[in-house]
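User: I would like to learn how to read this model one feature at a time. Please give the general idea before each case.

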Amino acid sequence: MERILGLDVGDVYIGVALSDPFGMIAQSLTTIKRISKDQTYGEIKELIDKYDVKKVVAGLPKNMNNTLGPQSEKVMKFAEKLKNKYKIELIYVDERMTTLSAEKVLIEGSVRRENRKKYIDRIAATYILQTYLDTQRRNNG
């Protein structure tokens with residue numbers, strides 16, 4: 001089975017999640033701090049190679065009225081370059097509620113506010129990827 005990478009692409013950090021080999025469960029993997037384009041794409045390439053990833057699921061931050069705004073454009077530009085650079089399949093998932101869900105999990109887990117920032121992006125990436133995996137399972141029943 002192939003593994004799938006989930007990305008929560010932000011301006012400063014990219015949260016990364018990885019599926020299990022069977023495509024059932026998304027696991028929080030890491031957070032990449034965006035220092036330069038080469039470094040950012042390089043770190044993602046290392047993960048693609050290490051886990052033999054063939055597909056990337058990127059969260060698309062739509063507006064509440066389902067339109068695409070400036071942040072969506074940034075994410076799509078980043079993800080399309082990733083797709084073309086490394087010849088991987090790219091899927092977008094609506095990520096409107098993922099950060100709120102991730103924040104709720106951290107609050108319920110009694111993670112202190114100053115520590116939440118460390119985890120929020122990778123937990124959001126896990127939600128994005130799990131949403132995709134669940135949809136695939138429902139559709140392929």
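Analyst: Start with burial. A residue counts as buried when its relative accessible area is under 20%, as exposed when it is over 50%, and as partly exposed in between. This is a predicted model. In it, Tyr 41 is buried, and Phe 78 is buried too.

User: How many aromatic pairs does the chain have, and how is such a pair read?

Analyst: Two rings pair if their centres lie within 6.5 Å, and planes under 30 degrees apart count as stacked. By this rule there is one aromatic pair. Its members are Tyr 41 and Phe 78, with 4.7 Å from centre to centre and 15 degrees between the planes, so the pair is stacked. Tyr 41 belongs to helix H1 (residues 37-50) and Phe 78 to helix H2 (residues 70-86); the two are 37 residues apart, and the pair links distant parts of the chain.

User: What is the order of helices and strands along the chain?

Analyst: The chain has four helices and five strands. Along the sequence they follow the pattern β-β-β-α-β-α-β-α-α.

User: Which strands pair with S4, and in which sense, parallel or antiparallel?

Analyst: Pairing is read from the bridges between two strands. Strand S1 (residues 3-9) pairs with S4 in the parallel sense, over five bridges. Across that pairing, Ile 4 stands opposite Lys 55 in S4. S4 also runs parallel to strand S5 (residues 89-94), with six bridges joining the two. There, Ala 58 stands opposite Tyr 92 in S5.

User: Is S4 mostly covered or mostly open?

Analyst: In a regular strand the side chains alternate between the two faces of the sheet. Strand S4 (residues 53-60) is mostly covered, with seven of its eight residues buried.

User: How many bridges join S2 to S3?

Analyst: Strand S2 (residues 13-19) and strand S3 (residues 26-33) run antiparallel and are joined by seven bridges. Ser 19 has Ala 26 in S3 as its bridge partner. The hairpin of S2 and S3 has six residues between the strands, and Gly 23 in this hairpin takes a positive phi near 70 degrees.

User: Which residues have a positive phi although they are not glycines?

Analyst: Most residues other than glycine have a negative phi. Asn 66, which is not a glycine, has a positive phi of about 75 degrees. Asn 66 is in the loop between S4 and H2, and it counts as partly exposed because its relative accessibility is 43%. Lys 87 is not a glycine either, and its phi is positive at about 50 degrees. Lys 87 lies in the loop between H2 and S5; its relative accessibility is 70%, so it counts as exposed.

User: Why does Asp 121 count as buried, and what is it in contact with?

Analyst: The cut-off for burial is again under 20%. Asp 121 has 16% relative accessibility and therefore counts as buried. Asp 121 lies in helix H4 (residues 113-140). Leaving aside neighbours within four places in sequence, its contacts are with Asp 8, Tyr 13, Gly 15 and Thr 31.

User: Where is Val 105, and how far is it from Gly 10?

Analyst: Val 105 is in helix H3 (residues 98-108). Its relative accessible area is 37%, so it is partly exposed. Val 105 and Gly 10 are 95 residues apart along the chain, and their C-alpha atoms are separated by 20 Å.

User: What can be said about the chain as a whole?

Analyst: One check compares the radius of gyration with that of a compact globule. For 141 residues such a globule would have a radius near 14 Å, and the chain, at 14 Å, agrees with this. Along its principal axes the C-alpha trace spans about 40 × 40 × 35 Å. Of the 141 residues, 43% count as buried. Among contacts with a separation of 6 or more, 61% are between residues 24 or more positions apart. The accessible surface is about 8,200 Å², and 53% of it belongs to carbon and sulfur atoms.

Note on methods: Residues are numbered from 1 along each chain as its sequence is written. This is a predicted model: local features need pLDDT of at least 70, side-chain atom pairs count only at pLDDT 80 or more; totals for chains, interfaces and linings use all residues. Side-chain values use heavy atoms; hydrogens and water are left out. Rings of Phe, Tyr and Trp (its six-membered ring) pair if their centres lie within 6.5 Å; planes under 30 degrees apart count as stacked, over 60 as edge-to-face and the rest as tilted. Buried means under 20% relative accessible area, exposed over 50%, partly exposed in between (1.4 Å probe, protein chains only). Contact means heavy atoms within 4.5 Å. The radius of gyration is taken over C-alpha atoms; the globule rule is 2.2 Å times the number of residues to the power 0.38. Accessible areas come from the Shrake-Rupley method with a 1.4 Å probe; for residues, only the protein chains shown count as cover. Two strands pair if DSSP finds at least two bridges between them.
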